[in-house]
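Trainee: I have a new model open and would like to learn how to read it. Please take me through it feature by feature.

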Amino acid sequence: MTTSPQQDWQQRSLAAVWHPCTQMARAAQMPPLAIARGAGPWLYDFDGARYFDANSSWWVNLFGHADVGLNDAIKAQLDTLPHVMLAGCTHAPAVRLAERLSARTGGALGHVFFASDGASAVEIALKQSFHSWRNLGRDDKREFVCLKNGYHGETIGALAVTDVAVFRDAYDPLLMRAHIVMSPDARFANETAALTAMRDLLAERSANIAAVIVEPLVQGAAGMVMYSADYLRSLRRLCSEFEVHLIVDEIAMGCGRTGSFFAFEQTLPQTPADWPDFILLSKGITGGTLPLSLVLTTEAVYQAFWSEDVTRGFLHSHSYTGNALACAAANAVLDRFDAGQLDANLMQARHLKDAFAPLAHHPRVEHLRQQGMVLAFDVKDAGPRFAEAFHLAARSHQLLIRPIGKTVYLMPPYLIDAATAAFLFEAVSASLNDVA
């Protein structure tokens, strides 16, 4: 029996590729979708069928696939300098990117460390926090605090501050012990209680706590749990009061997803002290083209490492640190924001809100919610394997979407007009009805 090109690539992939976040025994029953090319918000398989990339290929794609502007920036850099090591060398794309990101904090976070992916950025921030306290003679500050159901990556250090059982439990014996504190959640109006729990812990353990790490405004892997900027603002004050670093993980929610470039900007910081001690970026910073992550930090943290003693330096690296191609892509992304991307996102978010408003009255839907370009709802009585069933049903409606448990969410590329929002609503509604 002959196979189609699509089936051929699926079979070859199952034989040779170990796919992430996938039980491969299950993948044999539900083969991966083989993608031949992308254009704008659409992905095309090898048989010519198309799918709207509603989750931006794991939240990385900002402006659509094969974007001409990003591609041109990468091609120009490719002909000049693809890569040079950043230890003992430097190059213009990295310097410009660091300067521009620092400027977006008003200079409050004036030093940028480069890495490759989100989990690496988390590891770096945890290490910098601990090591900076140690360099200051405060060796006891070695504990970390994270929020319940928070997600910060799957390397060993990042998993230690992640509270998602399916990722963490198998490796729990390998992990350091973090403090897990109540999460704020607008669905339950519990922000005051969450702050009280945080205050109580910091009051008791601040002499031993190096940092608190949070996802700002939206906890992604928890099921798009949303909370207010007031909580973040109050948390910053608590961390300052108890001399604990605040690490804000903007890997998923940075680069305009929430309505501001940094989600933390919605706390309206007025002075350097109002900003976090660390901001982490990855995913969208290169517009879905190349892997890159960054750790922005303060002069105070930077100065804690300033010494002729090599052991007091931050000896962390990887071979592609500050890769010039990735930095060129990131600078092209910042060009879009300098040209008014946030204003465009505001209108696009309104299109999504208007189109999906009828779901608030759907008998199977609860907690319809939105933060900028992130829209989500929970499904009542979702049942076993709901996420898989919904994902498969959505494919038949030209939609690539991956629910988290019982939570259906959209985090699309920034290419939404009224007609596109209407299409997404119809496709999501039809998929929901199919699995109901």
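Trainee: Where is Glu143 placed?
Mentor: Helices (H or I, at least four residues) and strands (E, at least two) are DSSP runs, numbered from the N terminus. Glu143 sits in strand 5, residues 143-147. The model is predicted: local features need pLDDT of at least 70, side-chain atom pairs count only at pLDDT 80 or more, and totals for chains, interfaces and linings use all residues. Residues are numbered from 1 along each chain as its sequence is written, and side-chain values use heavy atoms, with hydrogens and water left out.

Trainee: Is Glu143 buried or exposed?
Mentor: Buried means under 20% relative accessible area, exposed over 50%, and partly exposed in between (1.4 Å probe, protein chains only). Glu143 has a relative accessible area of 17%, so it is buried.

Trainee: Which residues is Glu143 in contact with?
Mentor: Contact means heavy atoms within 4.5 Å. Leaving aside neighbours within four places in sequence, Glu143 contacts His179, Arg205, Asn208, Ile209, Ala210 and Ala211.

Trainee: How do I read a nonpolar core, and which residues touch the most other members here?
Mentor: A nonpolar core is a set of buried Ala, Val, Leu, Ile, Met, Phe, Trp, Tyr and Cys residues joined through side-chain atoms within 4.5 Å. The largest one has 93 residues, and Met198, Val212, Ile285, Leu294 and Phe356 touch the most other members. Helix 12 (residues 324-338) gives the most to this core, with 7 residues. Another core, of 25 residues, lies apart from it; Ala125, Val161, Phe278 and Val295 are among them.

Trainee: How are two packed helices described?
Mentor: By the angle between their axes and the distance between the axes. Axes are lines fitted to C-alpha atoms, for helices over the stretch in contact, and angles run from 0 to 180 degrees between N-to-C directions. Take helix 14 (residues 386-395) and helix 15 (residues 418-435): their angle is about 125°, with the axes 9 Å apart. That makes helix 14 oblique to helix 15. Angles under 35 degrees count as roughly parallel, over 145 as roughly antiparallel, 65 to 115 as roughly perpendicular and the rest as oblique.

Trainee: Which residues of helix 14 and helix 15 meet?
Mentor: Phe386, Ala389, Phe390, Ala393 and Ala394 in helix 14 meet Val428, Ser431, Leu432, Asp434 and Val435 in helix 15. By class, this contact has 8 nonpolar, 1 polar and 1 charged. Ala, Val, Leu, Ile, Met, Phe, Trp, Tyr, Cys and Pro count as nonpolar, Asp, Glu, Lys and Arg as charged, and the others, Gly among them, as polar.

Trainee: Why is helix 14 largely enclosed by the rest of the structure?
Mentor: Because 7 of its 10 residues are buried. The cover over the buried residues includes helix 2 (24-27), strand 3 (50-53) and helix 15.

Trainee: What should I look for in phi?
Mentor: Most residues other than glycine have a negative phi. Cys255 has a positive phi of about 60° although it is not a glycine. Asp381 also has a positive phi, of about 50°.

Trainee: Where are Cys255 and Asp381 found?
Mentor: Cys255 is in the loop between strand 10 (245-249) and strand 11 (278-281). Its relative accessible area is 1%, so Cys255 is buried. Asp381 lies in the loop between strand 14 and helix 14. At 70% relative accessibility, Asp381 counts as exposed.
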